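Dear colleague,

I am passing on the structure we spoke about, together with some notes on what turned up in it. Please open it alongside this message as you read.

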Amino acid sequence: MERFGVRIISLILLLMLTKNLSSNALGDSMKDEEGLKEDQNEMENSLSNYDEMRGMKDDDWQMVQKKGNHFVVNDKPFYVNGFNTYWLMVFAADESTRGKVTEVFKQASSVGMTVCRTWAFNDGQWRALQKSPSVYDEEVFKALDFVVSEAKKYKIRLILSLANNWEAYGGKAQYVKWGNAAGLNLTSDDDFFSHPTLRSYYKAHVKTVLNRVNTFTNITYKEDPTIFAWELMNEPRCTSDPTGDKLQDWIQEMAFHVKKIDPKHLVEVGVEGFYGPSTPQRTQFNPNTYATQVGTDFIRNHLVLGVDFASVHIYADSWISQQIADTHIPFIKSWMEAHIEDAEKYLGMPVVFAEFGVSSKDPGYNSSYRDTVISTVYSTILNSTKKGGSGAGSLLWQFFPDGTDNMDDGYAIVLSKSPSTSGIIQLQSTRLALFNSLCNTKCNWGCKKKKLLEEILYRDEL
Ligand SMILES: *[C@@H]1O[C@H](CO)[C@@H](O)[C@H](O)[C@H]1NC(C)=O
Ligand SMILES: *[C@@H]1O[C@H](CO)[C@@H](O)[C@H](O)[C@H]1NC(C)=O
Ligand SMILES: *[C@@H]1O[C@H](CO)[C@@H](O)[C@H](O)[C@H]1NC(C)=O
Ligand SMILES: *[C@@H]1O[C@H](CO)[C@@H](O)[C@H](O)[C@H]1NC(C)=O
């Protein structure tokens, strides 16, 4: 927090410097006079208040939208520096742990992060939201209401995921158990994707969540700009059908279903981003050969009507080798660049790297290596941002407040324990916030502000 103040002051100094630079450079063109004034006003406004620089005025609290391959809010770019904390709803459900939810948002906001991805599902487990098909625990729903309402207080937007591929918090396995309990004879967890009864369970869950009226704010979820986007599922895989047809069909039906109920919010699928059978020329970028056989197909999955942006996860340690190896950093770069290129050339949409991280349990791990991973991801995003590319942001896996060590799977980042990592996160937030605030979509990333932006984005001392 102390470091933060110093950073802001040096940021203001730098801005004043670069403002003069750009005035001189543009001074000889009458045509630019008006634009220049606009720039200056814009910058002075920005400088008056850091919150405003981050687009935090209440009038600005509008829905995030997609414009070509960028996100926009109020017609201004919205590049994302954010994080994951999946357990917020469950923690909010108990008085004794509820404060941790506030702490997460408060700390994330102190390093400038503006988006959090979290679970809007907990199926049939301890503290379940959905106890059985279409039967909800009102106390847990109120806890989710609290998460949404608290996020807004800290000006953090939420990506809410609606189901899990994995067994944690229920997942597709729980839907299959429910189906069997209702008299079906299902043998594969992938029946979640194909069986009409299980599809109807999932669709009912979606409908319930989207139409929920928040008990803290009275705002219906589907009308709430605090929600950045809906995610169909966390990391869907359908290994029973490597052709990808089964999952593709599910994505088509569910993306349409969400949009029909809620045309205002953005939708993403939640896949990890593996290339599949539809693009054999791209499978070279996969981390391993198994990745082509899990029934997902990055480009095809994202060409579905209703899907607004692409999601990709990055886990060199779980996909290539748990032992930290020299190949990991180059993989991260090429994996990201390939998906950014796809999003530009074939999809015409932004791409969010919605989970990335490294586990402290990996052999060869140390915290400076983790910083290298994070810096590589951030730098790759910025390099795309700079060109007006599709790289729209990234979300750390995962961000925890103090005193939640029991939840740590090895990937947790706790600010108080990681001053150098905090600095890196802060710097990325500041760079993206400046970019969001100084440019607007009319710039087309080719305007006179471009040079100024480049200077700002690439000063290390910022
Ligand atoms: C359930 O399905 C399995 C395999 O699909 C089949 O062998 C079995 O006879 C079925 N059981 C019932 C009660 O229908
Ligand atoms: C929500 O609506 C109820 C009933 O109309 C009202 O009593 C309450 O004050 C409202 N709360 C907020 C936060 O607007
Ligand atoms: C940290 O880990 C990386 C990757 O294993 C290694 O290359 C580096 O030498 C380590 N640095 C320190 C200070 O131990
Ligand atoms: C981003 O671009 C800069 C300047 O071209 C380059 O030095 C850097 O290596 C790039 N970063 C990544 C991660 O590709």
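A residue is counted here as near a molecule if its C-beta atom, placed from the backbone, lies within 6 Å of it. With that cut-off, and bearing in mind that this is a predicted model, the shell around ligand 4 consists of Lys 333, Thr 376, Ser 379, Thr 380 and Asn 383, and helix 14 (residues 367-386) supplies the largest share of it, 4 residues. By type, this shell holds no nonpolar residues, 4 polar and 1 charged. Ligand 3, in turn, is surrounded by Ile 324, Gly 364, Asn 366, Ser 368 and Tyr 369, a shell that divides into 2 nonpolar, 3 polar and no charged residues.

Just after helix 14, Gly 388 takes a positive phi of about 70 degrees.

Finally, the largest nonpolar core has 111 residues, and those with the most contacts inside it include Met 89, Leu 162, Phe 353 and Val 377; the largest share of this core, 7 residues, comes from helix 6 (residues 138-153). Leaving aside residues up to four places away in sequence, Leu 162 touches, among others, Phe 121, His 205, Val 209 and Trp 230.

With best wishes

Conventions:
Residues are numbered from 1 along each chain as its sequence is written. Chains are lettered from A and ligands numbered from 1 in the order in which they are written. This is a predicted model: local features need pLDDT of at least 70, side-chain atom pairs count only at pLDDT 80 or more; totals for chains, interfaces and linings use all residues. Ala, Val, Leu, Ile, Met, Phe, Trp, Tyr, Cys and Pro count as nonpolar, Asp, Glu, Lys and Arg as charged, and the others, Gly among them, as polar. Helices (H or I, at least four residues) and strands (E, at least two) are DSSP runs, numbered from the N terminus. A nonpolar core is a set of buried Ala, Val, Leu, Ile, Met, Phe, Trp, Tyr and Cys residues joined through C-beta atoms within 7 Å. A residue is buried if 20 or more other C-beta atoms lie within 10 Å of its own, exposed if 12 or fewer, and partly exposed in between; C-beta atoms are placed from the backbone. Two residues are in contact if their C-beta atoms, placed from the backbone, lie within 7 Å.
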